[in-house]
Amino acid sequence: MTTSADRARSGARQRPQIADLRTRCSAAAGADLGSPQAMHRWSVDHYREFWRVLLDWADLAWEGSADVVSTSDDVEHARFFPDVRLNYAENLLRPLEGVDDATTAVTAVHGDGSVERLSRAQLRARVRVTATALAARGIAPGDRVVVLAPNNARAVVLALAVIAVGGTVSLAMPDMGPTALLGRFSQIDPTALVLDRGGPDRGGASGPQGGSGDRLDALVAGLPTLRQVLVADGGPLPGFDGLEVSALDAEADDAAGEPVPWQRLPFDHPIFVMFSSGTTGPPKAMLHGAGGVLLEHVKEHRLHIDLDAADTFFHHTTTAWMVWNRQLSALVTGAGIVLYDGPVRGPETLWRLVADHGVTVFGASPPYLQLCQDSGYRPRDEVDLRRLRAVLTTGAVLHDWQYDWFADAVGPQPLQSIGGGTDILGAFVLGHPELPELRGRSTTRSLALDVVAVDDDGREVVGSVGELVCRNPFPSRPVAFLNDPDGQRYHEAYFVQHPGMWTHGDLIDVAEDGSVRFHGRSDGVLNIDGVRIGPTEIYTIVSRLPEIAATMAVEQRDPERAGASRLVLLVVLAAGQRLDDALAERIRAVLRREGSAAHVPSLVVAVPELPTTHNGKLSERAARDVLNGERPRNESALKNPQSLQTIAAAVAEAGRPAARVEPVAPVPSGGERGADTAARLFRETLRRPVGETVNFFDAGGTSRESMSLLRRLRIESGRAVSMDAFLDDPTIRGLSDVLDRSPATAADEVTVQLLRAGTDPSAVPLLLMQGVHGDVDLYRYLVDDLDTDGDVYGVFGAMHGADGRRLRVEETADRLVAGVLASDAVHGPVAIAGYSFGGLVAYDLARGLAAAGRDVAFLGLLDPRPPMASLKGPERLARRAASFLAMFVPGFSDTTITTAIANRFRRQTLTAEQLMLLDSVRIARSFRVEPYDGPVTFFRASRRIPVISHLLYAWRRMVPRLEVVDVPGAHFDLLSQEHAPVVAARISRALRAAHARRVGVPVDAAGGGPPPGG
């Protein structure tokens, strides 16, 4: 097993920092703490000595006396370092010995691909200037400030500036709904709102702008304590009656003359307001103190993760999640942090960021890793991970099979499952730089935290499942809850179930070696694909609908996606009401508008009653257990246990596919309006018809289904529709408008479309042939990276004849030949290329143009397999064997054996998209390749079943002048965004080589030719 201590950092120490601290602790203990287990045991038994040694060892900036470490052993009430004063922002930003102030502290990557970088010196300067501007506007110690901002560099500057002047900050995302925001911010009584709306120009969230009916108006109206709104994004200023609104342009502010000093305040001075998940009421507003947060994060980052100035840390998060605050603290180690405010467009998104920005420690969620696995994405084959030394996951249970996938698809780096939460703004269990990761388990418990599993009676259990508790005090507990003057809410949240212990609400088992396995939540908190939601947030919103008498939100293991979960909303209807599609859509719409996309249920199910305990409380736990096929642990405590089977039956019925809507084959070109296409595909995807103005997601569509819908739109409309365009108006009407602006290709029409203009009109143009779906959108990434002076065109036409019959490859090529010859844009010699099915079309097009007297200067075949009709008997067997074997090797094929069997024997159940693909396979297999005596460059996918996969000897029989160039990836992902740059570079090189040969220039002098060994 690899540990993070095994990796070597150039020019840096080889010994992990925890080894240095152990030496200090051994001296304090008067004993050798030689093993990680011995170190942990001592840190728990002598937690005061540990925290004092850590404070000294960390070399933080503080003043006062550290003689009193903890005021008592009472887990609930003990205070740490009451005589220490410090400033959190100062400690994150101050110059560090041995760390160059010019090194990058923050790398902010935007959704549009642009990047902003701030060095440590620049970040410090911006925070000081912004803090001075805030102080000039009256922000003072004790003020609470809410910051609405996407995950960008401004959010970092704003949060640290508020803390620098002694304020307390709470952050959220601009695209959260007003109900969700007010459920949090109204408890804070903030004096100021700082607004960074992001916006489409940055690829981030398009936030509220202010104005009549805007959700910013609703937010401001619900915060009566606000004295001012500060706009930090440079955009137009909203107007609010009786409220001061001004621009916070820190770089040009008049107050930015003499910077305010770092204010060192008490150890427990609150710096963050964080929010619990709200299982029994509105989200609880928790105050977290500067010293507790700082010292806990120093411990986690430097000791458990071994972060230092040689590292770059990226944990995918938003400003509304505690992971953002935890990543922010990594600046104290001298490490740089990476932020991302854009969407996850696919499995490659975050791994590309890791590679592009030299990330050494990457934080992700188990659902994201599952997405990569489900997509067949293999990061180690696609991106450069040489700097990556560790991957952290949190937010959900990490399953055993994900460790197996990670080892195969990513590499030997430790995969560390960590767990804790917003309540402690830290982790109870983490990795360890000196210990190997254990499949399905978290490596170790956090130093100085007496974390164990206990049974219902509070007795410690080892090797079996119990409640996660912590039996000793620790400094990162909340300082207090807001609106809780006597501490009763705080007490009830953590200390009622097991007196004298912090009860966290997670089920775990702890092994003899101290490793931990998580088994999910023990309370009603919802954890949907890693996003935690308090059910009360949902209840508050849905209760406003008069049709609903009662409701319960339950997390259920998704029966269709291993390792994932889905949100089921159980509703008891008011008298005389019934749950129809219209009401379900209204429920989803209001949850999306007033909450967020994460609040929208996958299923809305009507039931006659909800499980209730004898004291009148709803039991989400019992409903969750029965929906997951488990016997409810608290069934004896229920007043109406019979309700559970009724709920299970209703959910099972609701989860069954609706009455089948038969897929319709694509209508021949010109035969269907955009509105008809959009309506048909909505109906087939959602399995029922919906109105033309109904939001796709309000009708029950999921993000995965939206991706499938867009794929089909690309196939059947002949045009690519981006996710951004879809989200602008995800309705039938919206999509029909997009499609009508891009009319379908007529049956006899050929389009020669300029994809990219060249710089030399005399250079040979490159023609890219239509793919399996009849378009050239599959080349969009490739085109951007091609290095050629000539124009680049896409050539495509209809896939069907006027009679609706699917055209053979030869017929398609004949039409395209005629189209190219008739084109006013393309003259003289041409270069031709095509991928897979399009490679066969390109091949026959080259033969046709050559026969018509046109000069074909280059023919590139991007991994087309030789058609069955052109193979001999043994070759056909080899081809079939390669296709069969590829389905059993992860990453070699986009088709599993199960899918292949279904496609063969259940053809009547396939969608129009699947039928079209199968039809294209049939057409390709029946194509007979005729000899071609011109030069051909074959670009061969590297990830393949050797020898028999491509049958190059069959191609050479028909093409004697064949050159082979290897390109990365498998056949099905050759033109993906990850591989496109390399594939484009090798095509460009081959084009230059072909040109050099034509004009008699040595290939090397032209800088072309395939790479050695190709």
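**Helix packing and a loop residue**

Analyst: In this predicted model, helix α1 (residues 17–29) packs against helix α2 (residues 36–45) at an angle of about 55°, with their axes 11 Å apart.

User: Why is α1 called oblique to α2?

Analyst: Angles under 35 degrees count as roughly parallel and 65 to 115 as roughly perpendicular. The angle here is about 55°, which makes α1 oblique to α2. The crossing of the two helices is left-handed. On α1 the contact is made by Leu21, Arg22, Cys25, Ala28 and Ala29, and on α2 by Pro36, Met39 and Trp42. These residues divide into seven nonpolar, no polar and one charged.

User: What makes α18 oblique to α19?

Analyst: Helix α18 (residues 620–627) and helix α19 (residues 643–655) pack at about 50°, with their axes 9 Å apart. Since roughly parallel requires under 35 degrees and roughly perpendicular 65 to 115, α18 is oblique to α19. Their crossing is right-handed. Ala622, Ala623, Val626 and Leu627 of α18 meet Leu644, Gln645, Ile647, Ala648 and Val651 of α19. The contact comprises eight nonpolar residues, one polar and no charged.

User: Why does Thr317 count as buried?

Analyst: Buried means under 20% relative accessible area; Thr317 has 5% relative accessibility and therefore counts as buried. Thr317 lies in the loop between β13 (312–315) and α10 (322–328).

User: Which residues are in contact with Thr317, leaving aside its neighbours within four places in sequence?

Analyst: With those neighbours left aside, Thr317 is in contact with Asn151, Val323, Trp324 and Tyr340.

Conventions:
Residues are numbered from 1 along each chain as its sequence is written. This is a predicted model: local features need pLDDT of at least 70, side-chain atom pairs count only at pLDDT 80 or more; totals for chains, interfaces and linings use all residues. Side-chain values use heavy atoms; hydrogens and water are left out. Axes are lines fitted to C-alpha atoms, for helices over the stretch in contact, and angles run from 0 to 180 degrees between N-to-C directions. Helices (H or I, at least four residues) and strands (E, at least two) are DSSP runs, numbered from the N terminus. Angles under 35 degrees count as roughly parallel, over 145 as roughly antiparallel, 65 to 115 as roughly perpendicular and the rest as oblique. A crossing is left-handed if the near helix is turned anticlockwise from the far one by less than a right angle, and right-handed if clockwise. Contact means heavy atoms within 4.5 Å. Ala, Val, Leu, Ile, Met, Phe, Trp, Tyr, Cys and Pro count as nonpolar, Asp, Glu, Lys and Arg as charged, and the others, Gly among them, as polar. Buried means under 20% relative accessible area, exposed over 50%, partly exposed in between (1.4 Å probe, protein chains only).
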